[in-house]
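Got a model open and want to know how to read it? Let's go through a few features together, one at a time.

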Amino acid sequence: MTEGVVTRPTMVELLKYFLYLGSLGFGGPVALVGYMQRDLVERRSWFTKEEYMKSLALSQLAPGPLAAQRAICLGYVHSRVRGATLVALAFVLPSFVMTVAISWLYVRFGGLSWMQAAFYGVGAVVIGIIAIAAYKLAKLTMAKDRLQWLIFAVMAVVTAWTESEILWLFVLCGVVAMVAQAPPAWLKRSAPACLAVVVTPELLAQILWFFTKAGAFVFGSGLAIVPFLYAGVVTEHRWLTERQFIDAIAVAMLTPGPVVITAAFIGFLVAGVTGALAATAGVFLPAFLIAVTALPLLNRFADNPRVKGFVRGVTAAASGAIAGACVVLGRRAIVDVQTAGLALAALVVMARTRVTAWVLVLGGALVGLAANGLGLVEAAR
């Protein structure tokens, strides 16, 4: 790809891509972010590296689902509010439809125990996919900049250690890189730069408001929303049992598209299809509003050296956080020799071939089901 040169797709082409990603984009928010970078920047040259980095910085600083925020930002870059709206719908719709279908089966047959067995294999495969995504993102955004690599390393260690993404650290990293890029005059003079119920309108409004709060006040990747949802859905409102909540997370990880589509599963169990619609609309609405209001401001000052430095610092921090997330998720998904082998195999295949991620995820699910049949899954728990 020639630096800065793009061939913009038509709106139909862009929507087809996000329909595809929403239908077959397995692996959670970190993997989805990696797919967008690979497909839209590296392979197709539909967006420049700078456009991608700005959307990455905004997505990391803003609350709500990470992958959906990124998709909405890119839609806005393409066709402003119209593009952001259509891309959001294209990206979310496939996983929403699948989740509602699985929710109906779940209610109809009283649970889907096979999901936990399938996730035994899927979780391990996803670790390999995410590791490659983190490597490619770091390679794209940081080049040979020592400060950015230092920020990357610090954020990777902090994220792996704390098992969370800390907003003020992203801001701090941005400020450090901003000062290094364009030191204020006073700093130049004084010092060198530093481094099941009755469905009522009231219930639907309650669901909509709860998930809007979740989308507006939870920072980090889609998995960061899980503790907030647990406190509200299980403890406060008692809409779901603990078993149902765990199944909701499994559904989110086993369906393509954004992980926060688990909102649709929860909404369906509480109030059917209308509940699923209310929960989904609520959780994605803040991300949409932030993207279409904040991105124009970021673009307006894009040529300012301090803004450029801030964006570079935040993107380096985001790359480090993604690398740290690999460690956090790996602790939970890699539980024995078999899952370690699956993760390594997925990493090698993703690095050396053009096999798509959904094929690997399907293979991981089949391995998990086979392992469950042999009694290996229960032994690993």
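This is a predicted model: local features need pLDDT of at least 70, side-chain atom pairs count only at pLDDT 80 or more; totals for chains, interfaces and linings use all residues.

Q: Where is R238 found, and is it buried or exposed?

A: R238 sits in the loop between α10 (226–236) and α11 (242–254). Its relative accessibility is 65%, so this one counts as exposed. R238 is also a non-glycine with a positive phi of about 55 degrees.

Q: How do I describe two packed helices?

A: In general, you give the angle between the two axes and the distance between them. Here, take α1 (residues 11–24) and α2 (residues 28–43): they pack at about 145 degrees, and their axes are 12 Å apart. The crossing of α1 past α2 is right-handed.

Q: Which residues make the contact between α1 and α2?

A: From α1 you have Y17, F18 and L21, and from α2 there are L32, Y35, M36, D39 and L40. Sorted by type, that contact has seven nonpolar residues, one charged and no polar ones.

Q: What about residue spacing along a helix like that?

A: The general idea is that an α-helix has 3.6 residues a turn, so residues three or four places apart point the same way. For length, the 16 residues of α2 should span 22 Å at 1.5 Å a residue, and the 21 Å between its end C-alpha atoms agrees with that.

Q: Is α2 enclosed or open to the outside?

A: Count the buried residues: 14 of the 16 in α2 are buried, so the helix is largely enclosed by the rest of the structure.

Q: Which residues touch the most other members of the largest nonpolar core?

A: That core has 86 residues, and the ones to look at are F18, M36, F91, I207, F211 and I266. Leaving aside neighbours within four places in sequence, M36 is in contact with residues including Y17, F18, L21, Y52, R70 and F91. There's also a second, separate core of nine residues, I151 and M155 among them.

Q: What does S95 touch?

A: S95 lies in helix α4 (residues 66–109), and at 0% relative accessibility it counts as buried. Beyond its neighbours within four places in sequence, S95 is in contact with G22, P256, G257, P258 and I261.

Key: Residues are numbered from 1 along each chain as its sequence is written. Side-chain values use heavy atoms; hydrogens and water are left out. Axes are lines fitted to C-alpha atoms, for helices over the stretch in contact, and angles run from 0 to 180 degrees between N-to-C directions. Helices (H or I, at least four residues) and strands (E, at least two) are DSSP runs, numbered from the N terminus. A crossing is left-handed if the near helix is turned anticlockwise from the far one by less than a right angle, and right-handed if clockwise. Contact means heavy atoms within 4.5 Å. Ala, Val, Leu, Ile, Met, Phe, Trp, Tyr, Cys and Pro count as nonpolar, Asp, Glu, Lys and Arg as charged, and the others, Gly among them, as polar. The expected span of a helix is 1.5 Å times one less than its number of residues. Buried means under 20% relative accessible area, exposed over 50%, partly exposed in between (1.4 Å probe, protein chains only). A nonpolar core is a set of buried Ala, Val, Leu, Ile, Met, Phe, Trp, Tyr and Cys residues joined through side-chain atoms within 4.5 Å.
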